[in-house]
Amino acid sequence: MLLDHPHSPLRYAEIAAREPAAGEVLVKVRACGVCRTDLHVADGDLVELRSPVVLGHEIVGTVEATGPEVRTPCVGARIGVPWLGQTCGHCGYCRSGRENLCDAARFTGYHIDGGYAEYTTADARYCFPLPERYSDAEAAPLLCAGLIGYRSLVKAGDARVLGIYGFGAAAHIVAQVAKWQGRTVFGFTRPGDSSAQAFARGLGCDWAGNSTDAPPEPLDAAILFAPVGALVPAALRATRKGGVVVCAGIHMSEIPAFPYDILWGERSVVSVANLTRRDGEDFLRIAPQVPVRTEVEAFPLEQANDALARLREGKISGAAVLVP
Ligand SMILES: [Zn+2]
Ligand SMILES: [Zn+2]
């Protein structure tokens with residue numbers, strides 16, 4: 001399913017699978033998650049778009065062939081292909097454990113053709129083995145919603161009371177990990193979205209309510225998955241002194257001006273950008289221990305436009321996954 005250019009619907013196209021180059025694997029796609037970032041790419045919110053491009057960076061597949069110089073994974077192995085597709089390996093960021101910030105990084109489904117397809121190729125060094133307990137569709141959301149959600153949770157530090165704003169794919173995974181870690185978790189949704197609030201409570205949240213509501217007690221940290229800038233001051237108001245507000249999305253509407261006193265008291269606002277391979281290894285080790293259960297709604301690949309439309313309307317409970 002090709003994105004010819006931003007603001008156009010994806011188009012079903014027949015394209016020959018590419019031979020894997022040196023260091024690459026050819027992957028037969030078994031499932032690919034639909035992420036909010038795909039919407040931002042399709043809507044032209046991100047500036048570096050190469051087009052046409054195949055979206056999709058939560059790819060679960062099996063290795064069909066390997067290019068020269070690939071030692072692992074082997075043909076037949078089940079792997080996950082995440083958003084981080086490649087980095088330079090030698091800049092200051094790459095050498096200091098922050099490859100997520102590499103200026104030369106290339107991302108799957110953005111700079112590199114992704115998983116809204118039957119086949120894709122990927123740099124073998126950036127693929128992950130996947131825990132066996134998950135089916136292909138269940139494993140797909142772990143690869144971005146899970147990984148980047150987990151990186152956001154790490155940024156929240158040892159917060160005992162955690163607020164999560166925007167109860168989609170990432171939140172439904174992070175809430176389970178946070179409860180397993182013994183935290184108190186409050187879920188915030190669009191005002192009046194009672195089904196999302198019921199979903200949050202069903203996943204173990206101690207309270208769920210509107211993003212405009214005050215929580216039952218002040219937050220030690222908030223994670224914002226909803227791409228709504230107005231939630232930054234809302235979350236700061238709900239957060240106690242010394243707390244942190246973590247903005248987890250790749251794009252957000254403009255943050256409105258706010259009075260300094262809601263930031264004062266050593267509150268901080270930070271963003272999370274991309275993922276490192278270390279995040280992937282850490283999270284994929286933890287997920288089966290919790291165990292994280294992913295709730296997925298599967299769509300046939302040809303219905304990718306419907307899946308994106310439903311995500312845009314906030315009508316997906318858990319995560320949408322395309323199945324070729
Ligand atoms: Zn680099
Ligand atoms: Zn994503």
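This is a predicted model: local features need pLDDT of at least 70, side-chain atom pairs count only at pLDDT 80 or more; totals for chains, interfaces and linings use all residues.
Trainee: Is R293 buried or exposed?
Mentor: The relative accessibility of R293 is 55%. A residue counts as exposed over 50%, so R293 is classed as exposed.

Trainee: How many Å apart in space are R293 and E138, C-alpha to C-alpha?
Mentor: In sequence, R293 and E138 are 155 residues apart. In space, their C-alpha to C-alpha separation is 7.9 Å.

Trainee: Which arrangement do the four donor atoms make around the zinc ion (ligand 1)?
Mentor: The protein donors are the SG atoms of C88, C91, C94 and C102, at 2.3 to 2.4 Å from the ion. Along the sequence these residues are spaced C-x2-C-x2-C-x7-C. The donor atoms subtend angles of 105 to 118°. Four donors need all angles between 85 and 135 degrees for the class, and the arrangement is therefore tetrahedral.

Trainee: Which residues coordinate the zinc ion (ligand 2), and how many residues apart are C35 and C144?
Mentor: The coordinating atoms are SG of C35, NE2 of H57 and SG of C144, at 2.0 to 2.2 Å.

Trainee: Which strand gives the largest share of the lining of the second largest pocket?
Mentor: This pocket has a volume of about 530 Å³. Its lining comprises 24 residues, with I15, A16, V54, A117 and Y119 nearest the centre. By class, the lining holds 15 nonpolar, three polar and six charged residues. The largest share, three residues, comes from strand β8.

Trainee: Of the seven aromatic pairs, what class is the one formed by W83 and F107?
Mentor: The ring centres of W83 and F107 are 4.7 Å apart, with 10° between the planes. W83 sits in the loop between β5 (78-81) and β6 (84-86), and F107 in strand β7, 24 residues apart. W83 is buried at 3% relative accessible area, and F107 is buried at 9%. Planes under 30 degrees apart count as stacked, so the pair of W83 and F107 is stacked.

Trainee: How many residues apart in sequence are the parts that the pair of Y150 and F283 ties together?
Mentor: Y150 and F283 form a tilted pair, 5.7 Å centre to centre with 35° between the planes. Y150 is buried, with a relative accessible area of 13%, and F283 is buried, at 1%. Because Y150 lies in helix α4 and F283 in helix α8 (residues 277-286), the pair ties together parts whose separation is 133 residues.

Trainee: Which residues do ring pairs link into a cluster?
Mentor: Rings pair if their centres lie within 6.5 Å. Pairs of this kind join into a cluster the residues Y165, F186, F188 and W207.

Terms used
Residues are numbered from 1 along each chain as its sequence is written. Chains are lettered from A and ligands numbered from 1 in the order in which they are written. Side-chain values use heavy atoms; hydrogens and water are left out. Donors are N, O and S atoms within 2.8 Å of the metal (3.2 Å for Na, K and Ca); water is not among the atoms, so sites may look incomplete. Four donors count as tetrahedral if all angles lie between 85 and 135 degrees; four count as square planar and six as octahedral if opposite donors are over 155 degrees apart and all others between 65 and 115; anything else is irregular. On a 1 Å grid over the protein atoms alone, a cavity is a set of points where a 1.4 Å probe fits but cannot get out, and a pocket is an open set with protein on both sides within 12 Å along at least five of seven lines; lining residues have an atom within 4 Å of a point. Grid points are joined across faces, edges and corners, and a volume is the space filled by probe spheres set on the points. Helices (H or I, at least four residues) and strands (E, at least two) are DSSP runs, numbered from the N terminus. Ala, Val, Leu, Ile, Met, Phe, Trp, Tyr, Cys and Pro count as nonpolar, Asp, Glu, Lys and Arg as charged, and the others, Gly among them, as polar. Rings of Phe, Tyr and Trp (its six-membered ring) pair if their centres lie within 6.5 Å; planes under 30 degrees apart count as stacked, over 60 as edge-to-face and the rest as tilted. Buried means under 20% relative accessible area, exposed over 50%, partly exposed in between (1.4 Å probe, protein chains only).
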